[in-house]
Amino acid sequence: MHPNSISDAVLAKNINTTLQDVSTLVNDVVKVNTRAKTVYYKAIILLLASIVEAQVYHFIDRKCTADPTLFAKDIKSYKPKIALSKAILGSSSQFYVAEEIATPRTLKNITGSFNAMNDFCKEKSLISPSLYTELEYIRKKRNTIHLQTLDTTKRSYTLAMASRISDTMAKMYDEIDAC
Amino acid sequence: MTQRTTQAKKNKPTKVSTVEENYGVKFNVRQKNMNLATYFEQQGLPSLAKVLRKTEQHIQHS
């Protein structure tokens, strides 16, 4: 774990709070009709997926002693070093000679890439193939809720989906505890 | 009257301990004093109950 990593207790408190949020939705879902139920489960699935994503992050953080690189390709940025003369270039815009800076795409540098974290766990054999499949199911299910990926409004979300995600959440907790 | 009520509510100190107190949610449970983990089990989400119990253990041991 890194000095700026969150502790098990902080993760537990955050998960606990989110599950309290979930419980309020679960409590109301039984009172509404079938069409409205899918709206509640949509919100429940989003909250549960956010917990699982946090668990995967925490799991990698605990498994790896150093901040692991998730992508082979670095993040490129450029730092201006020398300003070139506008008069010589005959340009109204300013041009610079710049230094290229390569930053590795590590766990800490690219927070929020559920896909990259899942792939990393699979590539390094940190999790079983079946757990990887379940994590990808959750990621894809969560992505269908994101508006930019929606191609139709006719989608249904169910208790069975929430239950499947919950099963994976429990497995991920076992993995974290086994670290 | 409405403004006064709203203001009074804002100034009222909030005691945070249970979901019912936090959210004002009345749970559909038969037994009194049922904890949240048992509630999840009743609602067909036993794994959430397991996770919740784990979080409680981690919080207590911290």
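In the predicted model, chain B comprises four helices and zero strands, where helices (H or I, at least four residues) and strands (E, at least two) are DSSP runs numbered from the N terminus, and its elements follow the order α-α-α-α along the sequence. Of the 62 residues of chain B, 29% are buried, a class defined as under 20% relative accessible area, with exposed meaning over 50% and partly exposed in between (1.4 Å probe, protein chains only).

Residues are numbered from 1 along each chain as its sequence is written, and chains are lettered from A in the order in which they are written. Local features need pLDDT of at least 70 and side-chain atom pairs count only at pLDDT 80 or more, whereas totals for chains use all residues, and side-chain values use heavy atoms, with hydrogens and water left out.

Over all chains the structure holds 10 salt bridges, each being a side-chain nitrogen of Lys or Arg within 4 Å of a carboxyl oxygen of Asp or Glu. One of them joins A:Glu99 and A:Lys81 at 3.3 Å, N to O; this pair links distant parts of the chain, with A:Glu99 in strand E2 (residues 96–106) and A:Lys81 in strand E1 (residues 69–83) of chain A, 18 residues apart. A:Glu99 is partly exposed at 36% relative accessibility, while A:Lys81 is exposed at 51%.

In chain B, the side chains of B:Glu41 and B:Arg53 meet in a salt bridge of 3.0 Å, N to O. B:Glu41 lies in helix H3 (residues 36–42) and B:Arg53 in helix H4 (residues 46–61), so the pair ties together parts that are 12 residues apart in sequence. Salt bridges that share partners also join A:Asp174, A:Asp177, B:Lys50 and B:Lys54 into one network.
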